[in-house]
Amino acid sequence: MNKINISFITDDALETLYKNSEEVANYLMKEKDNSNWLKLIYNGQIFEEKKYKINDIKLLTDEKYENVDFENSIMIYEALKDLPRYILTDERFWCWFNFTIGYQAALQAMKINSKTTFEDHWLFKQGQRRGIFFNVLARCYFRVALSIDEKNVEDKYYLTRFVIENPERFRTLSWRANSSQKNIVLGALKAEKDIVEKYKNIIDIDKIKYNDGKGTIYSEVTKQISLYGSVRLIDAASEEDIYNFVYNKLEEMVNAKIAESEN
């Protein structure tokens with residue numbers, strides 16, 4: 001496979017995107033094939049090439065993006081996994097990636113309908129952590145990076161598939177600082193998957209609501225993990241510790257909902 005150098009969007013070009021976000025959003029809504037129109041927004045050097053190389057991948061497209069979401073996420077992860085973390089968390093890198101390699105797929109994955117959509121899902125306007133997990137393709141990389149289970153020789157992406165089937169299983173967890181710890185994420189996701197499988201013929205766990213219908217069982221258990229970390233040194237918790245805690249909490253919550261529905 002051919003190798004290409006990665007690039008960053010230049011600081012001046014990035015600043016121009018922020019200042020002209022409404023015009024950028026309008027171009028994104030009209031120009032579906034490529035980002036050559038960026039030259040009309042910024043009359044200068046747009047991208048700056050870096051020394052690091054990646055495989056030159058071609059992401060899949062489909063009007064029903066969920067049909068290619070899993071395959072594209074794996075492709076993105078495999079192409080970028082050897083890059084230093086400081087690059088993978090840099091807004092300038094993802095701007096380059098989204099406007100070049102990922103352009104057509106990104107537009108299908110997240111429909112642009114306003115400047116807010118562009119700012120929240122192509123830029124890091126929400127800050128670095130939220131920016132990463134809001135960003136239309138950066139989040140594809142990180143949900144794979146945090147859910148891949150290298151110990152499972154048969155299918156190391158089985159938890160990734162579980163996450164992509166319903167992103168809510170991972171979304172609220174990813175917003176917390178402790179999501180940077182792989183053992184916490186893996187323990188929580190394995191527990192979620194086992195509970196979903198155990199009760200699939202009894203109750204649709206994905207549809208269980210909390211907080212007057214505004215939250216899901218996954219957002220609720222994320223709060224419980226934070227509470228768990230407030231009274232214990234969560235950094236020292238093993239994957240098994242997290243698994244047992246989340247599994248028991250979820251089972252308790254599910255059984256309470258089943259009992260509530262029967263009354």
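**Exercise 1. With 263 residues, what radius of gyration would a compact globule have, and what does the chain have?**

Solution. Keep in mind that you're working with a predicted model.
- Step 1: For 263 residues, a compact globule would come out near 18 Å.
- Step 2: The chain has 20 Å, which agrees with that value.
- Step 3: Now look at the box. Along the principal axes, the C-alpha atoms fill roughly 65 × 35 × 35 Å.

**Exercise 2. Work out what the chain is built from and what share of its residues is buried.**

Solution. 
- Step 1: Go through the secondary structure, and you get 15 helices and four strands.
- Step 2: To call a residue buried, its relative accessible area has to be under 20%. By that cut-off, 51% of the 263 residues are buried.
- Step 3: The accessible area is about 13,500 Å², and carbon and sulfur atoms own 44% of it.
- Step 4: Finally, take the contacts between residues at least 6 apart in sequence: 71% of them join residues at least 24 apart.

**Exercise 3. Find helices α13 and α15 and describe how they cross.**

Solution. 
- Step 1: Locate them: α13 covers residues 182-199, and α15 covers residues 239-262.
- Step 2: Their axes come within 8 Å, at a crossing angle of roughly 35 degrees.
- Step 3: The crossing is right-handed.
- Step 4: See who touches whom. On the α13 side you'll find, among others, Ile 184, Leu 186, Ala 188 and Ile 195, while α15 brings residues including Ile 242, Val 246, Leu 250 and Val 254.
- Step 5: Sort the residues of this contact by type, and they split into 13 nonpolar, three polar and six charged. Among the residues in the contact are Lys 190 and Glu 192 from α13, plus Glu 239 and Glu 251 from α15.

**Exercise 4. Decide whether Asn 211 and Asp 212 are buried, partly exposed or exposed.**

Solution. 
- Step 1: Use the cut-offs: under 20% is buried, over 50% is exposed, and in between is partly exposed.
- Step 2: Asn 211 has 46% relative accessibility, so call it partly exposed.
- Step 3: Asp 212 has a relative accessible area of 78%, so it's exposed.

Technical notes. Residues are numbered from 1 along each chain as its sequence is written. This is a predicted model: local features need pLDDT of at least 70, side-chain atom pairs count only at pLDDT 80 or more; totals for chains, interfaces and linings use all residues. Side-chain values use heavy atoms; hydrogens and water are left out. Axes are lines fitted to C-alpha atoms, for helices over the stretch in contact, and angles run from 0 to 180 degrees between N-to-C directions. Helices (H or I, at least four residues) and strands (E, at least two) are DSSP runs, numbered from the N terminus. A crossing is left-handed if the near helix is turned anticlockwise from the far one by less than a right angle, and right-handed if clockwise. Contact means heavy atoms within 4.5 Å. Ala, Val, Leu, Ile, Met, Phe, Trp, Tyr, Cys and Pro count as nonpolar, Asp, Glu, Lys and Arg as charged, and the others, Gly among them, as polar. Buried means under 20% relative accessible area, exposed over 50%, partly exposed in between (1.4 Å probe, protein chains only). The radius of gyration is taken over C-alpha atoms; the globule rule is 2.2 Å times the number of residues to the power 0.38. Accessible areas come from the Shrake-Rupley method with a 1.4 Å probe; for residues, only the protein chains shown count as cover.
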